Amino acid sequence: ISKDILESAKGPALTLDGQRIKLYINAGLSADTDVAAGQGADGVGLYRTEVPFMLANRFPGEEEQFRLYSHVLSRYPGLPVTLRTLDVGGDKPLPYLPIKEDNPFLGWRGIRITLDQPDIFLIQLKAMLRAHQQQGNLQILLPMISSISEVDEAIRLLRQAHFELCDSLGDFPLPQVGVMVEVPAALYLLPALAGRVQFVSVGSNDLTQYLLAVDRNNPRVADLFSPFHPAVVQALAQIQRQCGELGLPVSVCGELAGEVMGITLLLALGYRQLSMNASQVARAKHLLKRLSLGELDDLKAAILDSKDADELSWQLHQPLSSAG
Ligand code: PEP
Ligand code: MG
């Protein structure tokens with residue numbers, strides 16, 4: 001990493017025309033390393049709690065989870081830390097919860113598992129809430145939401161856990177709750193979601209996989225997996241526009257949000273909050289300093305008109321080449 005980039009890493013993320021962009025980090029593996037590298041980020045946009053679960057050889061208990069979450073929250077005093085509830089299944093198996101299915105990506109995954117196993121879910125929610133009671137900066141994110149009833153049921157369980165804890169700990173505020181927009185169905189549910197949750201986070205990895213019917217991990221179809229496909233771009237634009245109309249804060253936390261082309265695209269579409277791997281934050285800040293939102297906004301129509309990913313990358317080339 002050059003000195004220039006390290007220098008950019010220090011201050012807040014600003015574009016060439018002085019607009020503030022919020023940059024968050026994705027974490028899960030080693031919170032401490034991520035924290036060290038992510039200094040200067042605006043908080044944690046996605047903490048994948050399944051990672052510590054996958055490294056264990058049994059379900060971690062409430063106390064163990066509480067200590068971990070509380071530690072993560074304590075590293076970002078005053079900044080939001082978004083803990084995503086367990087998102088296993090699909091490509092993320094738990095050794096102690098064997099699942100055998102023909103179509104794991106369309107099967108028992110994410111919120112579907114935790115709602116079917118409320119004991120596991122309640123332990124996790126209680127551990128998260130206790131960490132929040134202590135630290136005060138938790139946001140809870142629900143993965144793989146495809147219907148409103150899932151959100152209602154998850155919030156009902158969260159309130160139940162909160163009610164039980166308030167009995168012993170005294171009253172404390174509920175954390176903000178958000179949902180991942182990563183199953184295409186969620187695109188059509190945004191107005192109903194806006195009445196229930198305080199923010200959404202776009203999971204562009206799964207959104208791309210499910211919109212294009214392309215397995216995100218299958219090398220044979222890797223060429224077809226493109227978040228720059230016009231259908232994905234239209235979906236991203238629609239989510240941003242609708243969330244704006246609904247006053248629902250939105251960020252993007254898929255891989256797209258940490259890559260040069262992806263950042264440029266997302267800014268042009270109007271996104272102002274991005275969550276990325278800790279190692280990408282310094283570079284992203286460096287890039288932002290060279291991009292003008294005014295110039296990107298002028299490109300939006302051409303971007304939405306692009307007929308394929310090649311044409312889109314050609315459109316994005318102009319601001320990027322002037323960014324150097
Ligand atoms: C996503 O799907 O884009 C996402 C951020 O979640 P994960 O990669 O953990 O499925
Ligand atoms: Mg996902």
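Author: Welcome! The radius of gyration is taken over C-alpha atoms, and a rule for globules puts it at 2.2 Å times the number of residues to the power 0.38. This is a predicted model, in which local features need pLDDT of at least 70, side-chain atom pairs count only at pLDDT 80 or more, and totals for chains, interfaces and linings use all residues. Residues are numbered from 1 along each chain as its sequence is written, while chains are lettered from A and ligands numbered from 1 in the order in which they are written.

Reader: What radius of gyration does the protein chain have?

Author: The chain has 324 residues, so a compact globule of that length would have a radius near 20 Å. Its C-alpha atoms fill a box of roughly 60 × 45 × 35 Å along the principal axes. The chain agrees with the globule rule, with a radius of gyration of 20 Å.

Reader: Which helix gives the largest share of the shell around ligand 1?

Author: Helices (H or I, at least four residues) and strands (E, at least two) are DSSP runs numbered from the N terminus, and the chain has 14 helices and eight strands. Around ligand 1, meaning with a C-beta atom, placed from the backbone, within 6 Å of it, are L46, R48, D87, E182, G203, S204, N205, D206, C253 and G254. The largest share, three residues, comes from helix 9.

Reader: Where does helix 14 kink?

Author: Helix 14 covers residues 309-323 and reaches 21 Å from its first C-alpha to its last, close to the 21 Å expected (1.5 Å times one less than its number of residues). The bend is the angle between axes fitted to the seven residues ending at a residue and the seven starting there. A kink of about 35 degrees lies shortly before the proline P319, at H317.

Reader: M144 and A213 both have positive phi; is A213 buried or exposed?

Author: Phi is near 60 degrees in M144, in the loop between strand 4 (138-142) and helix 7 (148-169), and near 55 degrees in A213, in the loop between helix 9 and helix 10. A residue is buried with 20 or more other C-beta atoms within 10 Å of its own, exposed with 12 or fewer, and partly exposed in between, with C-beta atoms placed from the backbone. M144 has 23 such neighbours, so M144 counts as buried. A213 has 8, so A213 is exposed.
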